[in-house]
Amino acid sequence: MPARRGRYNARVTSSSAFAGLRRVPPPVNDTNLGYLPGSPERAALKTALASMAAEQADIPLFIGGHEVRTGHTVPVVMPHDHGHVLGHFHTAGPTDAQAAVDAAVAARAEWSSWSWEARAAVFLRAAELLATTWRPVLNAATMLGQSKTAVQAEIDAASELIDFWRFNPFYAQQLQAEQPLSSHGVWNQLEYRALEGFVYAVTPFNFTSIAGNLPTAPALMGNTVVWKPASTAMLSAYCLYRLLEAAGLPPGVINLVAGDPAAISDAVLASPHLAGVHFTGSTAVFDRIWSTVGEGVKAARYRSYPRLVGETGGKDFILAHASADAQELAVAIARGGFEYQGQKCSAASRVYVPRSLWPSVRDRVIGMMDDMRMGDPADFRTFLGAVIDRPACSRISGYLEDARQHATILRGGTVDDARGYFVSPTLVETTDPRYRLMQEEIFGPVVTAFVYDDTHWDETLRLVDGTSPYALTGAIFARDRAAVGQAQSALRDAAGNFYINDKPTGAVVGQQPFGGARRSGTNDKAGSMLNLVRWVSARNVKENFAPPRDHRYPYMSEA
Ligand code: NAD
């Protein structure tokens, strides 16, 4: 960082004063490319896939802008061909984690003194790079390393992340414009300071866009970051870091450490400078982080109260009313349940269908499942790739075994991990609405259906609301508008993202701010001003242009 001092001459100490004068380019959602046969994007992606698959990346840690190779490495493999090694990443021990904390703390003074516009420019440039030359690179890394199809990679690693990097600067600008009232003789200003300390970003395997957003949203607001990506998404994490470097992110602003998550987290969370945690992943891990921070608060370890932002698990529902369109409902179940192998936090995994509609919906869904090709995502005819790793395979197998004994598997139910971690798309029917497959997050291509009596609509609304501890996404399918209204009201607390006649996945930045409550997280809505607010600590500055010159008040004089 100090090496850059002086090269950049855009320090604005009270940047809020300039809000309204400068405007970021108005954000517009990125357009997903089609990848049709013969298209240039398809050719570019195929080239990137071939060259990345033929190489082995040597992935270091990045601490203070330096590449750190510890020599303790872990292979990066393709989930759909686990014998194929894409590279190795170096793992961090507690000393490396501490070095990353120190680097982040050291970089804060300079980075947080940049005007927000100067910081925004880095991420706007990153968006531009990702929309063009880096697009095939990040898509290919996501397809090979996380087993996404071309379309799933495109909506995640390209479009969603481009949107995060274009919309967040716009939201930062809106936040800067939020200013208090001033009266004659007094000027009040709110200064949106970075948190004092550093932010720890911990990211999941399933979305490259989340891996990109969690460290960069706090960084945009002036924070410096220690970033721990998931061990099963290291190829795309590496490409992300390189992209940010190419966009001009100064050394030390984001420090990447990978390896044993518990050991790294214990070291990082022990720092008195911990100012916030930006987490996405499972509920159990976020609980652990929260408890560790709680212990730290109890021990008066931290200089300030760390902000805890976590988006966690889901058990997302589709509720059909008897007036629903069977074909639209079936497509929503098939796409919402099985795209990306059901490994989206928002994936539809419990469905409630009235008896009158069920035979036709069931047969349509099964027809679509039979048409879904599973295999290597580099083959563009593939609809489903593999699940992420062997533990995921075993976890899902356990649920399937349970379903064999206590429910009815209508289609699928097979696991084959010989070459890749393949789980066939599975439709389960249960007669017990509180069966564990209706309650617990499986995180695989398994949809469980409960068929309700058409006359039990009100009871079913209560059932949907009360069955699972999560409250992330949910959908109602109905042509009857009154039924839509009833569901919207009865399920107010059951989902942070509620869909009417649409599948519960596929939130778009700027259009459906994303996040859920209950055990699904703190609902700080990624990709919105609500999220950015968590990464600033406002300072109010009152300036008096005419300070009083007498300590006595006028009313004190004798009449
Ligand atoms: P995970 O909880 O296994 O891992 C998430 C991150 O936490 C990884 O970086 C991992 O290395 C780290 N981690 C694991 N153990 C840890 C520990 N003991 N201490 C500190 N960090 C630890 O989750 P995953 O398998 O990568 O992702 C799937 C989960 O993420 C699902 O539960 C899914 O619902 C959730 N998710 C939620 C959202 C959302 O917006 N709500 C989005 C994506 C994923």
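Predicted model: local features only at pLDDT ≥ 70, side-chain atom pairs only at ≥ 80, totals over all residues.
Student: What makes β1 and β5 a pair?

Tutor: Two strands pair if DSSP finds at least two bridges between them. β1 and β5 have 3 bridges, in the parallel sense, so they pass that test. Strands are DSSP runs of E with at least two residues, helices are runs of H or I with at least four, and both are numbered from the N terminus.

Student: And how do you know that β4 and β5 pair, and in what sense?

Tutor: β4 and strand β5 (residues 81–90) share 6 bridges, and the sense is antiparallel. Methionine 78 faces aspartate 81 in β5, and valine 77 faces valine 85 in β5. The two strands make a hairpin, with 2 residues between them.

Student: Why are β1 and β4 called edge strands?

Tutor: The open sheet here has 3 strands in the order β1-β5-β4, with mixed pairing. β1 (57–59) and β4 (73–78) each pair on one side only. From one strand to the next, the twist averages 40°.

Student: Which helix lies across that sheet?

Tutor: Helix α7 (residues 234–246) lies across β1, β4 and β5, at about 75° to β1. Contact means heavy atoms within 4.5 Å.

Student: What makes α3 oblique to α7?

Tutor: Two packed helices are described by the angle between their axes and the distance between the axes. Axes are lines fitted to C-alpha atoms, for helices over the stretch in contact, and angles run from 0 to 180 degrees between N-to-C directions. Helix α3 (residues 116–131) and α7 pack at about 120°, with axes 9 Å apart. Under 35 degrees counts as roughly parallel, over 145 as roughly antiparallel, 65 to 115 as roughly perpendicular, and the rest as oblique. The angle of about 120° therefore makes α3 oblique to α7.

Student: Which residues of α3 and α7 meet?

Tutor: From α3, Phe123, Arg125, Ala126, Leu129 and Leu130 meet Leu243, Leu244 and Ala246 of α7. They divide into 7 nonpolar, no polar and 1 charged.

Student: How would you describe α5 against α6: roughly parallel or oblique?

Tutor: Helix α5 (residues 150–177) and helix α6 (residues 208–220) cross at roughly 20°, with axes within 9 Å. That angle makes α5 roughly parallel to α6.

Student: Is that crossing left-handed or right-handed?

Tutor: α5 and α6 cross in a right-handed way. Right-handed means the near helix is turned clockwise from the far one by less than a right angle, and left-handed means anticlockwise.

Student: What about α2 and α8: what makes α2 oblique to α8?

Tutor: Helix α2 (residues 94–113) packs on helix α8 (residues 261–269) at about 40°, with axes 9 Å apart. That angle makes α2 oblique to α8. Pro94, Ala97, Gln98 and Val101 in α2 meet Ile264, Ala267 and Val268 in α8. Those residues come to 6 nonpolar, 1 polar and no charged.

Student: In the sheet of 7 strands, why do β14 and β21 stand at the edges?

Tutor: The order of that open sheet is β14-β17-β18-β13-β12-β20-β21, with mixed pairing. β14 (408–411) and β21 (497–500) each have a single partner strand, so one side of each has no neighbour in the sheet. Inside the sheet, strand β12 (residues 316–320) and strand β13 (residues 348–354) pair in the parallel sense over 4 bridges, with isoleucine 318 partnered by valine 351 in β13.

Student: How do you know where the domains are?

Tutor: The bounds come from an automatic or database domain assignment. That assignment gives domain 1 (38–178 + 196–312 + 521–542) and domain 2 (316–500). Their centres, taken over C-alpha atoms, are 30 Å apart, and the contact takes 24 residues from domain 1 and 30 residues from domain 2.

Methods
Residues numbered from 1 in each chain as written. Heavy atoms only, no water. Nonpolar A, V, L, I, M, F, W, Y, C, P; charged D, E, K, R; others polar.
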